Amino acid sequence: MMSNHSSATEFCLLGFPGSQELHHILFAIFFFFYSVTLMGNTVIIVVVCVDKRLQSPMYFFLIHLSTLEILTTSIIAPVMLWGLLLPGMQTISLAACVAQLFLYLAVGTTEFALLGAMAVDRYVAVCNPLRYDVIMNSHTCIWVVITSWAFGFLSEIWPVYATFQLTFCKSNLLDHFYCDRGQLLKLSCDDTLFTEFVLFLMAIFIIIGSLTPTVVSYTYIISTILKIPSTSGRRKAFSTCASHFTFVVIGYGSCLFLYVKPKQTQAAEYNKIVSLLISVLTPFLNPFIFTLRNEKVKEALRDSVKRCCQLLND
């Protein structure tokens, strides 16, 4: 416990419960996930950049989505993995806690904005294919990406500032594997009701706001696909959206459970599980979702592997 007149200058991350043996098993599992996430998303970025067949708006957005997935897991995973290796509690300074929380939320918000833009891109491709190149030109794509990144980082300045204006005098023990906002609010001696309400409204604005163009776009996409007379035509049209739609369901589903609720200080174990889905599992699945369900990417990957093999044989 801490004095009622002082605020924590560092926090102790309690991480995961259980024995040291269990921690070592978790370390091996999460390290594998993290390694595959880095390699898989990096491969997607490289293949899209070098293969001329993938020089389209959809894959331009995919480069940025893969970059965001690498950042999301890299902000959380190294701290989590280090905590699993240490025999005791892991400490993190107040400044590092601020930086981690801000970057995590900012990158996540950027990803939501980008997913909304990708949904609109799929809508134009399916519902207005003849004007696709005119509407989704390079200038538009660059503007959309810059706006998404700017919105993501600027929109999280006040929420993080407001969180760390609170006085953390109840304790400095943070029951999580990273600086989670909900658990930070639990440690505050101040009345957090108003702050939590504002954060709830902002979460609704960001998540539901970016989900709206996605829902509207897919409503029109499904309507258009159902009007295609041939089964092969419907299958081909849907295949252009399947990867993005799958990723949207996983990503938004996890975040709706974690952030869109009036009470931010929910049970720690529930919080940890959903946080793992967002920061570890979703970035891990991203390369598989966008390669196994996308024939163009699979073809580009096969050609890249063949070229690498030829270079090695030479």
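Reply: α3, α5 (138–155) and α8 (193–226) each supply at least two lining residues of the second largest pocket. Helices here are DSSP runs of H or I, at least four residues, numbered from the N terminus. This is a predicted model, where local features need pLDDT of at least 70, side-chain atom pairs count only at pLDDT 80 or more, and totals for chains, interfaces and linings use all residues. Residues are numbered from 1 along each chain as its sequence is written, and side-chain values use heavy atoms, with hydrogens and water left out.

The lining has 13 residues. Nearest the centre lie Ala 113, Ala 117, Ser 148, Phe 151 and Ser 210. A pocket is an open set of points on a 1 Å grid over the protein atoms alone, where a 1.4 Å probe fits, with protein on both sides within 12 Å along at least five of seven lines; lining residues have an atom within 4 Å of a point. The space amounts to about 210 Å³, counted as that filled by probe spheres set on grid points joined across faces, edges and corners.

By class, the lining has eight nonpolar, five polar and no charged residues. Ala, Val, Leu, Ile, Met, Phe, Trp, Tyr, Cys and Pro count as nonpolar, Asp, Glu, Lys and Arg as charged, the others, Gly among them, as polar.

Now confidence. The protein has a mean pLDDT (the predictor's confidence in each residue, from 0 to 100) of 85. α5 has the highest confidence, at 95. α9 has the lowest, at a mean of 74.
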